[in-house]
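Have a look at the structure, then read on.

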Amino acid sequence: GPRIPGVFPFSETIELDRPVAEVEAAVLRAIAPRLAKAGFNLVATDRGNLLFVRSSLLRTHRVQLTLHDLGEGRTHLMAHGTAPLGIRRAFAQLRT
């Protein structure tokens, strides 16, 4: 998984043997609190799309999640953006 501390761009694409609603709930339970702690706000959510944004005077960081239903209870999750190490790690851990 990710090892370099600091705020860096990342991209994770994960296929999970769980339905979309379950994956979305797991993301909100496992990752949303870490994003909130790091100063990110959930600014947009519609079917299968979650956008978290953190703004400071100097820059804006975004983390975008997209969930696609693959059918047969499987989900394709794409996460990308710019985030601190703990959050990048949390996405990588969703693979397990």
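At 28% relative accessibility, does Arg18 count as buried, partly exposed or exposed? Arg18 counts as partly exposed, because its 28% falls between the cut-offs of 20% and 50%. Keep in mind that this is a predicted model.

So what does Arg18 do with its side chain? Arg18 meets the side chain of Glu22 in a salt bridge, and Glu22 is itself partly exposed, with a relative accessible area of 42%. A search of the whole structure turns up three salt bridges, and here they are:

| Pair | Closest N and O atoms |
|---|---|
| Glu15 and Arg74 | 3.2 Å |
| Arg74 and Asp17 | 2.7 Å |

Shared partners join Glu15, Asp17 and Arg74 into one network. Glu15 forms its salt bridge with Arg74; Glu15 sits in strand β1 (residues 8–16) and Arg74 in strand β5 (residues 74–83), so this pair ties together parts that are 59 residues apart in sequence. Arg74 also forms a salt bridge with Asp17. Asp17 lies in the loop between β1 and α1, so that link ties together parts 57 residues apart in sequence. As for accessibility, Asp17 counts as exposed at 64%, while Glu15 is partly exposed at 49% and Arg74 is partly exposed at 29%.

Key: Residues numbered from 1 in each chain as written. Predicted model: local features only at pLDDT ≥ 70, side-chain atom pairs only at ≥ 80, totals over all residues. Heavy atoms only, no water. Salt bridge = Lys/Arg side-chain N within 4 Å of Asp/Glu carboxyl O. Helix = DSSP H or I, 4+ residues; strand = E, 2+ residues; numbered from the N terminus. Buried < 20%, exposed > 50% of the residue type's maximum accessible area, 1.4 Å probe, protein only.
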